[in-house]
Amino acid sequence: MKAIVCGGYGSPDVFEVQEIPKPTPRDHEVLIKVYATTVTSGDWRARTLNVPRGFGLISRLVFGISRPRQPILGTELSGEIASVGKAVSTFRVGDQVFAYSGVRMGCYVEYKCMPEDGALALKPASLSYDEAAAISFGGTTALTFFRRAKIQNGDKVLINGASGGVGTAAVQLARHFGAEVTGVCSTGNLELVKSIGADEVIDYTKADFTQNGETYDIIVDTVGTAPFSRSRGSLKEEGRLLLVLGTLPDMLQMPWVSMTSSKKVIAGPVSGGAEDLRFLASLAESGQFKPVIDRRYPFERIAEAHRYVDTGRKKGNVVITLEDRHQR
Ligand SMILES: NC(=O)c1ccc[n+]([C@@H]2O[C@H](COP(=O)([O-])OP(=O)(O)OC[C@H]3O[C@@H](n4cnc5c(N)ncnc54)[C@H](OP(=O)(O)O)[C@@H]3O)[C@@H](O)[C@H]2O)c1
């Protein structure tokens with residue numbers, strides 16, 4: 001089978017299409033024929049090792065010292081179950097599924113084995129394979145942070161970076177939880193952010209949300225431009241700042257903020273499981289969540305897709321389509 005292999009850290013030129021053996025599922029595994037995968041900001045970080053300040057060494061230890069330990073990137077996919085291990089009881093051949101491999105990656109392939117109890121769920125019938133492939137990364141990140149923040153009906157929530165992969169999921173999930181949502185993005189993305197449910201939008205090229213006198217129960221920063229030092233005055237008493245993108249110094253500050261004020265900084269890595277995927281799928285089925293797709297690229301042109309994601313300007317998600325898919 002074909003796989004996209006990342007030969008080292010660097011520009012998108014590090015990718016090569018290679019023939020590797022098709023995997024065979026073990027007793028408790030399923031084999032998925034992949035119809036779509038994505039290029040996320042996580043893949044960009046894993047390929048470049050461009051990580052937030054303070055995480056350089058940790059990242060090399062996690063991802064590999066001089067080259068990626070897992071040379072096949074890609075954190076999410078959708079497809080169809082092609083075969084199952086002999087002890088599998090929850091999935092059948094032909095089931096339409098989507099899956100999240102998270103930091104273990106390995107989704108830039110034609111076939112992938114996953115444990116049946118891993119981050120794997122039935123594809124919502126209301127979504128295409130391309131859309132289903134893009135549920136997990138942004139969806140589980142936003143969901144985990146909102147749960148950590150104990151989001152409540154009626155909360156005022158501001159999302160900085162509302163047009164990105166995590167931001168577009170966060171806007172829709174915050175609405176689902178009954179929040180009043182303000183999205184911060186650039187001029188060209190204002191309509192998009194409104195169309196997915198933001199009550200208010202702020203164009204960061206024209207206005208600074210930290211200077212407008214408004215306060216919020218929850219501020220989500222997916223960009224790294226709203227650390228506590230800048231956002232504290234925009235948080236209500238008991239307000240929570242969710243640093244989806246935070247530096248090590250930002251994180252070290254967390255206990256100090258909690259000890260010295262009623263406000264809280266919440267940061268750290270997230271990893272979504274099967275239950276989260278089923279929850280997101282149920283929201284998709286009821287029309288409350290739909291991954292935003294910016295661009296699609298064929299499998300062999302994945303380097304081009306990475307080059308686009310490198311700009312830092314993608315809107316929602318970039319999908320990689322494989323040849324045999326159907327029901328797009
Ligand atoms: N903690 C975790 O476990 C975790 C999990 C997932 C992701 N992350 C991190 O979260 C970050 C965001 O991920 P993502 O997938 O959403 O990234 P993304 O899709 O690449 O974000 C791109 C978006 O960022 C917006 N943007 C750029 N500069 C901005 C600014 N100054 N103000 C507001 N928006 C701005 C862009 O909008 P414009 O073109 O309009 O500027 C674009 O739509 C990444 O750094 C990623 O590493 C962390």
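Predicted model: local features only at pLDDT ≥ 70, side-chain atom pairs only at ≥ 80, totals over all residues.

1. The cavity. A search of the whole structure returns one cavity of 30 Å³ or more. The volume of the largest cavity is about 40 Å³. Its lining consists of Ala134, Ile135, Gly138, Gly139, Gly165, Thr168, Ala169, Gln172, Phe289, Pro291, Val292 and Asn317. Two elements, H4 and helix H5 (165–176), each give two or more residues to this lining. The greatest share comes from H5, which supplies four residues.

2. Thr168, a lining residue. Thr168 is one of the residues that line the largest cavity, and it belongs to helix H5. Is Thr168 buried or exposed? Thr168 counts as buried because its relative accessibility is 2%, below the 20% cut-off for that term. When neighbours within four places in sequence are left aside, Thr168 is in contact with Ala162, Ser163, Ile196, Val292 and Gly316. Among these contacts, Val292 is also listed in the cavity lining. By contrast, Leu252 stands 84 residues from Thr168 along the chain, and the C-alpha atoms of the two are 28 Å apart.

3. Thr141 in helix H4. Thr141 is part of helix H4, which spans residues 136–148. With a relative accessibility of 8%, Thr141 is classed as buried. Which residues does Thr141 touch, not counting those up to four places away in sequence? They are Ser136, Val166, Val244 and Val270.

4. The second largest pocket. This pocket holds about 160 Å³ of space. The residues lining it are Thr90, Phe91, Glu116, Asp117, Leu120, Ala121, Leu122, Ala274, Arg278 and Ala281. Strand E7 (120–122) and helix H10 (274–285) are the elements that give two or more residues to the lining of this pocket.

5. Helix H11. The buried residues in helix H11 (residues 302–310) are Ile302, Ala303, Ala305, His306, Tyr308 and Val309. What do the buried residues of H11 pack against? Their partners are strands E1 (2–6), E2 (15–19), E3 (29–39), E14 (293–298) and E15 (317–321), together with helix H1 (41–48). Just after H11, Gly312 adopts a positive phi of about 75 degrees.

6. Leu57 has its place in helix H2 (residues 56–63). Leu57 is described as exposed because its relative accessible area is 63%, and the term requires over 50%.

7. Most residues other than glycine have a negative phi. Two residues deserve attention on this point. Leu49 is not a glycine, yet its phi is positive, at about 55 degrees. Leu49 is located in the loop between H1 and H2, and its relative accessibility of 14% makes it buried. Glu238, likewise a residue other than glycine, has a positive phi near 70 degrees. Glu238 sits in strand E12 (residues 235–243) and is exposed, with a relative accessible area of 57%. The pair may thus be set side by side: Leu49 is buried, whereas Glu238 is exposed.

Notes: Residues numbered from 1 in each chain as written. Heavy atoms only, no water. Buried < 20%, exposed > 50% of the residue type's maximum accessible area, 1.4 Å probe, protein only. Contact = heavy atoms within 4.5 Å. 1 Å grid on protein atoms, 1.4 Å probe; cavity = no way out; pocket = protein on both sides within 12 Å on 5 of 7 lines; lining within 4 Å. Points joined across faces, edges and corners; volume = space filled by probe spheres on them.
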